[in-house]
Amino acid sequence: MFKNLESIKLSDLYQYLYNNHWKQINTKLNNAKRFEKTYDGDTFILIVPKSDELSDYKQRIYEAIKTLSELEDIEVSNLISSICEVNIDKMDIRLVSEDFNKGTIPLNIANNIIPFTREIIISSACVEENPRARYNKPTKKALEYGDIFKLGQTKVGSYIISVEADLGMSEDDETPFERRILDRVQESIYQIVNSDSCDINEYYKNGLNGNICEAFAKLKDIKQPIDIEYNFIKSKTIKDNKNIPSKISINNDIFEKAEKLSVKFKEIQANEEVSIIGKIKNIDLYSIDEGNKSGYLTVNFIYLDEKKKRNVKIYVEGEKFDLACDAFKEHLDVKVTGLLDKSARTWCIDDVKIFEV
């Protein structure tokens, strides 16, 4: 038997076959599924068990993997890894330097890269929830995604850190939020590299914002010359709609560039402290953590001396969220004091100091 054969889930094996253009064919077999694929004009058949509780399950899986390995011309160990990771999105971060050729890095660099990687994931999650030039602090939901993404095993080749997320099996057609986060990270890095030829006012709609720039700017603390190569390896289960390179390389020059961009995003943000009174039109629940709820409110109010009403999004949690739900049910006005951000099409209030019904 092959090593790690027991780690294969039938659902992952089926998905791998679908992703690689095997067609399931109707069959009268009660305990197996039949798949077909054509190679060089010849059609081959693969029989896969329907259940892992069958008495000869291990033997059937062994035969299926052996046949698939020969047909796909893939080593069995690599094939098993690909099947087990069929719903995984990865971002490989390769640190390139003469000092890293032995597969080790100084602790001071690791101390910069690991927190930075978590920070760009959290920042991307936050701006993906609500695209804005800059926000003052991440939402609780965005912080949770900092833990959903995992560090994979390091690889050979200078020094490679692998960050991955399981997309799961979605029952609808929506792109998983984990994929959307990784897409935004990819777009952000591409935008920083090519920022000389782009309008940053459009960046945060699908990529870079001020917080992501600030995260990159912190890497200035790495004093020695370093190249970082990002390689985005996405599951075929979800179509990749990004028309940009999967591999993007940056160097120390980018950190200075990111710092300058972060200043520009702060100028776009243009916060002002306001107190508003209005009615809640909608509540989007984002997280329930041990009974502590959080989410976004859409509040309809009149801004200063304007005659028309405007909508503003406000992130609240805990007691403020519970108060908001009560006000929404009773159609009561709420009073909110905080920092108004008018940089995006939908205005937002951050750093809520007062929330009253």
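Predicted model: local features only at pLDDT ≥ 70, side-chain atom pairs only at ≥ 80, totals over all residues.
Gln186 itself sits in helix H6, which spans residues 177-193.

Next comes a pair of helices. Two packed helices are described by the angle between their axes and the distance between those axes. For helix H4 (residues 107-129) and helix H5 (residues 140-148), the axes come within 8 Å and cross at roughly 140 degrees. That angle makes H4 oblique to H5. The crossing of H4 past H5 is right-handed. On the H4 side, the residues involved are Arg118, Ile121, Ile122, Ala125, Cys126 and Glu129, and they meet Lys141, Ala142, Leu143, Tyr145, Gly146 and Asp147 of H5. Sorted by kind, the residues of this contact come out as 7 nonpolar, 4 charged and 1 polar.

What about the nonpolar interior? In soluble globular proteins, nonpolar side chains tend to be buried together. Here the largest nonpolar core holds 52 residues, and the members touching the most others are Leu95, Phe216, Ile228, Tyr230 and Phe265. H4 turns up again, giving the most to this core with 9 residues. As for Phe265, its contacts beyond four places in sequence are Ala133, Ile200, Tyr203, Tyr204, Leu208, Asn209, Gly210 and Cys213. Another core, of 24 residues, lies apart from the largest one, and its members include Leu5, Leu17, Leu46 and Leu68.

Key. Residues numbered from 1 in each chain as written. Heavy atoms only, no water. Axes fitted to C-alpha atoms, helices over the stretch in contact; angles between N-to-C directions. Helix = DSSP H or I, 4+ residues; strand = E, 2+ residues; numbered from the N terminus. Parallel < 35°, antiparallel > 145°, perpendicular 65-115°, else oblique. Left-handed = near helix turned anticlockwise from the far one by under 90°. Contact = heavy atoms within 4.5 Å. Nonpolar A, V, L, I, M, F, W, Y, C, P; charged D, E, K, R; others polar. Core = buried A, V, L, I, M, F, W, Y, C linked by side-chain atoms within 4.5 Å. Buried < 20%, exposed > 50% of the residue type's maximum accessible area, 1.4 Å probe, protein only.
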